[in-house]
Structure formats: structure tokens, C-alpha cells
Amino acid sequence: MPSFDTVSEANLNEVKNAVDQASKEIATRFDFKGSDARVELKERDLTAFADSDFQLAQVRDVLTNKLVKRNVDIRFLDIGKIEKIGGDKVKQVIKIKNGIDSDDAKKIVRIIKDSKMKVQASIQGDAVRITGAKRDILQDAIALLRKEAADLPLEFNNFRD
């Protein structure tokens with residue numbers, strides 16, 4: 001029986017490349033000369049450092065521009081609060097979301113069931129598996145999810161016939 005998985009995971013290689021490019025740009029920009037502005041990546045956490053709130057916004061802007069250019073959806077970013085770290089310096093932790101949380105998974109299953117398509121959706125960990133009788137019906141389900149769940153950064157993989 002044909003099936004596919006609906007997942008939500010960022011390409012970490014592209015995130016790393018975007019952070020490297022953002023770091024290079026921050027190092028060479030005139031408005032960051034002599035400041036402690038930088039971006040660090042540790043596993044699934046990005047940390048932006050700067051001398052002021054305004055500079056932190058600029059660092060975040062450079063980072064998001066590089067992520068968009070590398071085709072990383074910025075809906076994966078969970079931007080935390082700005083924290084003071086001594087003197088005027090500030091930092092901000094940006095988490096990279098991985099997987100579909102249970103509320104969003106239930107929303108996806110509800111969308112599929114309400115559509116009256118002849119497919120079944122089941123939650124499997126941090127992914128949703130959708131199974132149907134024909135490949136064409138599964139492609140219609142993908143199109144439906146892209147339209148109805150546009151606020152979620154979804155990817156469709158593991159397509160099997």
C-alpha cells in the first residue's frame with residue numbers, strides 16, 4: 001500500500017553553512033567593527049551575541065537572510081528572549097525546531113480526516129504517516145496539506161509504492 005511520511009526537520013548542513021556565511025559577513029561589516037557581534041551554532045541551538053539590542057537585531061537579520069538564501073525555512077526558528085550578559089552585552093538563543101509536536105500532528109490528522117479522502121493518517125513519533133490505495137490520492141493529500149497547513153514547515157519524504 002503506498003504511503004509517505006510528513007515530517008518537519010531543518011537541513012542542519014545548510015543551517016551550518018548559513019551560520020558560517022553570516023559570521024563572515026558580520027566580521028567584515030563596518031557597523032560591527034570592534035564589537036562582540038557573532039553567531040554560534042551548538043547542535044540545534046543558535047546563539048546570537050551583540051553589544052546592544054539594535055546590533056542584536058542586525059545580527060539576527062543577517063542570519064535570517066543567509067538562511068533564506070540557503071533555502072532553510074525560517075519557520076523552523078524558535079526565537080528566545082534577549083538576555084543581558086554583563087555590561088551592555090546581550091545574547092539571544094534561537095532554537096531550531098525538529099519534528100512535529102503532538103498538537104500539530106493532531107491538526108494534520110484532522111485535516112486529512114475532514115477532507116473525506118480515501119487515505120489514513122497515523123501519528124508515528126514526530127512524523128505523520130499517510131497511507132492510501134493509490135499514488136494519485138497521496139499526491140492530492142500532499143497538495144491539501146501544503147494548502148491547509150501553510151503555517152507549518154512540512155516536508156514529505158519516505159514515499160513508497
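**Figure 1. N71 is placed in the loop between α2 (53-69) and β4 (77-84).** The structure is a predicted model, in which local features need pLDDT of at least 70, side-chain atom pairs count only at pLDDT 80 or more, and totals for chains, interfaces and linings use all residues. Residues are numbered from 1 along each chain as its sequence is written, and side-chain values use heavy atoms, with hydrogens and water left out. Helices (H or I, at least four residues) and strands (E, at least two) are DSSP runs, numbered from the N terminus. N71 is not a glycine, yet its phi is positive, at about 60 degrees. Most residues other than glycine have a negative phi. With a relative accessible area of 72%, N71 is exposed; this term applies over 50%, whereas buried means under 20% and partly exposed in between (1.4 Å probe, protein chains only).

**Figure 2. E43 occupies the loop between β2 (38-42) and β3 (45-50).** Phi of E43 is near 50 degrees, a positive value in a residue other than glycine. The relative accessible area of E43 is 74%, so this residue is exposed.

**Figure 3. F4, F156 and F159 form one aromatic cluster.** A pair of aromatic rings is described by the distance of the centres and the angle of the planes. Rings of Phe, Tyr and Trp (its six-membered ring) pair if their centres lie within 6.5 Å; planes under 30 degrees apart count as stacked, over 60 as edge-to-face and the rest as tilted. The structure contains two aromatic pairs. One of them joins F4 and F156 edge-to-face, with 5.8 Å from centre to centre and 80 degrees between the planes. This pair links distant parts of the chain, as F4 is in strand β1 (residues 3-7) and F156 in strand β8 (residues 155-160), 152 residues apart. How are the rings of F4 and F159 arranged? Their centres are 6.1 Å apart and their planes lie at 5 degrees, so the pair is stacked. Because F4 lies in strand β1 and F159 in strand β8, the pair ties together parts that are 155 residues apart in sequence. F4 is buried, at 0% relative accessibility, whereas F159 is partly exposed, with a relative accessible area of 33%.

**Figure 4. The charged end of R38 sits over the ring of F49.** The distance from this charged end to the ring centre is 4.0 Å. A charge sits over a ring if NZ of Lys or CZ of Arg is within 6 Å of the ring centre and within 35 degrees of the ring normal.

**Figure 5. Strand β7 (residues 127-132) is largely enclosed by the rest of the structure, because five of its six residues are buried.** Two strands pair if DSSP finds at least two bridges between them. β7 pairs with β1 in the antiparallel sense over four bridges, and S3 stands opposite T131 in β7. T131 itself is buried, with a relative accessible area of 19%.

**Figure 6. Strand β6 (residues 119-124) runs antiparallel to β7 and is joined to it by six bridges.** The bridge partner of Q124 is A127 in β7. The hairpin of β6 and β7 has two residues between the strands, and G125 in this hairpin takes a positive phi near 70 degrees. V119 is located in strand β6 and counts as buried at 9% relative accessibility. V119 and G87 are 32 residues apart along the chain, and their C-alpha atoms are separated by 58 Å.

Figure 7. Rolling a probe the size of a water molecule over the atoms shows where empty space is left. On a 1 Å grid over the protein atoms alone, a cavity is a set of points where a 1.4 Å probe fits but cannot get out, and a pocket is an open set with protein on both sides within 12 Å along at least five of seven lines; lining residues have an atom within 4 Å of a point. Which residues line the largest pocket? They are S8, R75, K97, N98, G99, I100, D101, D104, D151, L152, P153 and L154. By class, the lining comprises four nonpolar, three polar and five charged residues. Here Ala, Val, Leu, Ile, Met, Phe, Trp, Tyr, Cys and Pro count as nonpolar, Asp, Glu, Lys and Arg as charged, and the others, Gly among them, as polar.

**Figure 8. G99 belongs to the loop between β5 (90-96) and α3 (102-114).** This residue is buried, with a relative accessible area of 17%. G99 and L67 are 32 residues apart in sequence, and 19 Å separates them in space, C-alpha to C-alpha.
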